[in-house]
Amino acid sequence: MERGNYRRGRGRDGGGGRRGGRGRCGGGRNQQHQHRYYQQQSQYHQHNQGGGRGGRDQQQQHQFYQQQSWYHQHNQGGGGGRGGRDQQQHQHYQQQGQYNQYNQGEGGRGTGGRGGVGRGLSYAAAASAVQPPQPPAQQWGPPRPYGSAGESSARGAGGRGAWGPGPRAWRPATPSAPAQPDRAPEPPSTDFQSLKISEHPSASSLPRTPGNDLQPVKRPDGGGRHSIKSLKLLANHFRVNFNPNTIIMHYDVDVKQEVPPDGHSAKIQKSDLRMIKDKLFSDDPSRFPLSMTAYDGEKNIFSAVPLPEGKFKVDFPDAEDKKTKSYIVTIKAVKRLQFCKLRDYSSTDSHGQSVPRDILQGMDLVMKENPSRHRISVGRNFYPKAFNNEDDLGGGITASKGFQQGLKPTSQGLALCLDYSVLSFHKRLPVIDFLKEHIPGFKEANNVKRLRSHVSGSLEGLKVTVTHRKTNQKYTIKGLTEKDTRNISFGLEDRDQEGKVLVKDINLVTFFKEKYDKEIIHKDIPCLDLGTAGKINYVPMEFCVLVEGQRYAKENLSKEGRQYFKRMSLPLPKERMNTICEMVRADDGPCGGGIAQNFELRVIQSMTEVEGRVINPPRLKVGAHDGIVSVDREKCQWNLVEKSVVDGKPVERWALIDFSSRLNIDHFVKKLRSRCQKLGIRMEKPLVCPQTNMRPFSDIKMLYNTVVDVVRRSQGQLQIIVCVMAGQHPGYGFLKWLSETQIGVVTQCCLSKHASQACDRFLANLALKINAKLGGSNAELVDPLPRFEGEGQVMFAGADVNHPPAGNKTCPSMAAVVATVNWPAANRYAARICPQYHRKERILNFGSMCLELIQTYARINKVKPERIVIFRDGVSEGQFDMVLNEELRDLKKAIYAEDYHPTITVIVARKRHQTRLFPETPRDGGPTGNVPPGTVVDRTITHPFEFDFYLCSHYGSLGTSKPTHYYVLWDEHNFTSDQLQKLIFDMCFTFARCTKPVSLVPPVYYADLVAYRGRMYQEVVTRFNPGSAAASSSSSSAASSSGPSFDEGFYKLHPELENIMYFV
């Protein structure tokens, strides 16, 4: 930017507050310093400089901004001194790190002070001629709980502001109609490594000292009693008996190469570690009995007998023509594990004592030892090595039936929980045979050259073994050689009679004949490049075989393959139950091989009988003439035929964009308006209905211009834009990020094939989503929620963290918190998203996110909630302590005040577990063989004394229903089992976008949707900065030390959308 333009951007002297000191005129050295800093950061989405800087406090704030790199929207109208209590507030903001939207209109005085007037040319406007367009500024919305906000006009005039309602929130005194953005956002050139994800433990963490750790609450009673029906069920829990007098040994094992290559210790593959350990044991079976040990493949060995300790040398031949490698295996005793401690924990009231996880870990590893030796291990699952012809998915891919298992203490004692699972794998085939099956038109080996790109894409990254020599080594395919096999030559080192090293060129065909006595058949096709670390290793395809156990993404299956895979993945309850029992009893299963018996573990190989209860469904209120609808007893569903929603929000200003370019718009709009009218939702005609194609979804600038053009043509703020798409497209994330963070308008997408048909069911579902997004209410509970009848304000919250996909080592995890903003209906939610460190499960800013939602609740209802119930998703039992002693403490520290001390309950909702429930007889189940909706189990297979239960709240129409495991960690409301189970079941009927109960309590369901939306935003950011993302991924040390560094501003919702259900 030119220096003269920046000089004209200065305003007049700032007027100080009455009790604050008058600031000096800005400009000069300080102004230039700010300008240089702005140029370096490239974070000036809207920096409107209206005047000089103020006194000392203004300077401190500027320094704080410099440190945080948060100049997303710093609109300075002029500089004044501080006054009164502003210093304390400023310090609080510094601690909280809530300067994401600190817009200074003028230096103000203390409580009740008014801002002065600053004038000047907008920095952003002055720079527009010489700088690339920036992302559009967010429009003004409701006052935010943190920071101050001053009005900055388009021409750069400093705003005159006033203190608004709420906790010292600054608002424009005379707000004007929000100006629509006029240019597409430029892909930001942010250096992600220079930005930091905020974490504020010092401001929101109660001290944790030994002895004051919070513990999960005890079960308040013997379980629930209320029901409309009792069921006899079977659970896939298999009782495990053990000898309490047994003592096993835990050893640490370390494996290193005796002479590391190039003097550097290289990481040894997990598969090689197991083979090295097995070689040590097979060489000396008297001291190292293989059948008496269990190994996790890395660092831990559990043994039923004492093992010798020390360092042991193992010579491991890599191949017949390679030198033998020597490894040093160091074994060191860690601990003696006494089974009696687990018996004492399970059989007595051990509340306050932690579960003996080391013993459970050892037992669990023992039960997995036999499957790990005979099956393919994928994560925590085990699959057979051989494939069955009947499970062929086509294209050289097979479906494999496996299982996952785990040990857990229950009321009946220790239990093995085992469940069925299915994955798709590449078949173990010779490479050429695989290509014949996998690539259409590939009939013989000579087709490799004609279909080279397809062949290369199908093989790259896969692992193979070779058949021309004896070796167990696995090689990764890098690609195809440029030359055909007969034309490949390489330099071969040899020594003459005097010992001198000679290098001679040799043809690959000749080399294989002389070295291995192998005649290469397919000489006119490329070889596979199996080289590593700069070493050449070209091998003809005919000598390569795919390694078993290589996963194939189900999304890439053919249509017929996907359909068959889905049928295999969703077996009926009876079929699933029989398969599970077969796997428990299999020779390569957890009970085979005699290993568990050597540790004195005995598994009862029949499922556990449990008692189930069916809870009465709630009565629902809709907009019918009598206002009450009864749900179907069998499926617990209801319909809205000749009924309306409870509160239909008028849709007066909306638009439609037909991205399919072939929709009959008049027909679709007529049908949609008619269906909305029947549901009690008054819908006017759309203001504009442009037609285009799907091309904008591949270009974010074009998509932005398309949406903004619709907003402009509508001549005012739109409530919603209905987007009809020709098909699913990755650019869907672009649309959501643009509309929800940049433009500030809700969108509702649908597919053109459904819109063209415009069937009644589709239109009803579309109308329900639109009404929920606009703040309407579709259905409500008639009766008050249990435990909260006639009491004060209650808020329900849900929290979840979405992690990046496997293999990604730098992208942030996405934390999401949602909370209800109405009572007693408790069916409207506000949401907050926050990026945090890579794969960090603890929500770092949990307290501040909840505080903001509580303040939102207070602004809407004019009172804060007196009772808070939090549902946490996505945590394992090993992370319960983190939720209790980090997140809960963080929450209490953030929200507690002298005059505010709400009661809190924390419940974990888990879907990632292995427990399944099966009706013992047909009369105990429904038409599909599943347990009916409302089935709850809180005895026998639950924790011995802590407060947990299984609830199947939905109707299982496909496969086998999976109950949700609810685990109460903290309870200041003194719920009984009946009260909490009924409360959760009733809430499952309030999910906004369907007319049936869902499988997961809505606060958690919504939190999962919001966290996934945050992941969608992150993918957009990554597309903006592919170079930066790649650079960060190349530095594992930087990623591990500081985590991925993404700017929170990219995930900041537009103020117009912050407190509505844009995510349903």
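Buried means under 20% relative accessible area, exposed means over 50%, and partly exposed lies in between (1.4 Å probe, protein chains only). This is a predicted model: local features need pLDDT of at least 70, side-chain atom pairs count only at pLDDT 80 or more, and totals for chains, interfaces and linings use all residues. Residues are numbered from 1 along each chain as its sequence is written, and side-chain values use heavy atoms, with hydrogens and water left out.

**Salt bridges**

A salt bridge puts a side-chain nitrogen of Lys or Arg within 4 Å of a carboxyl oxygen of Asp or Glu. The structure holds 44 of them.

| Pair | N to O distance |
|---|---|
| R576 and D419 | 3.2 Å |
| E548 and R428 | 3.4 Å |
| D938 and R939 | 3.1 Å |

R576 sits in helix α14 and D419 in strand β14, 157 residues apart. Helices (H or I, at least four residues) and strands (E, at least two) are DSSP runs, numbered from the N terminus. R576 has 4% relative accessibility, so it counts as buried. D419 is buried too, at 1%.

E548 and R428 both lie in loops, 120 residues apart. E548 is partly exposed at 26%. R428 is partly exposed at 42%.

D938 is buried at 3%, whereas R939 is partly exposed at 23%. Elsewhere, shared partners join D252, D254, K256 and K299 into one network.

**Sheet**

Three strands form an open parallel sheet, ordered β27-β28-β29. Strands pair if DSSP finds at least two bridges between them. β27 and β29 are the edge strands. Between β28 and β29 there are 6 bridges. C723 stands opposite C749 in β29.

**Helix α23**

Of the 11 residues in α23, 10 are buried, so the helix is largely enclosed by the rest of the structure.
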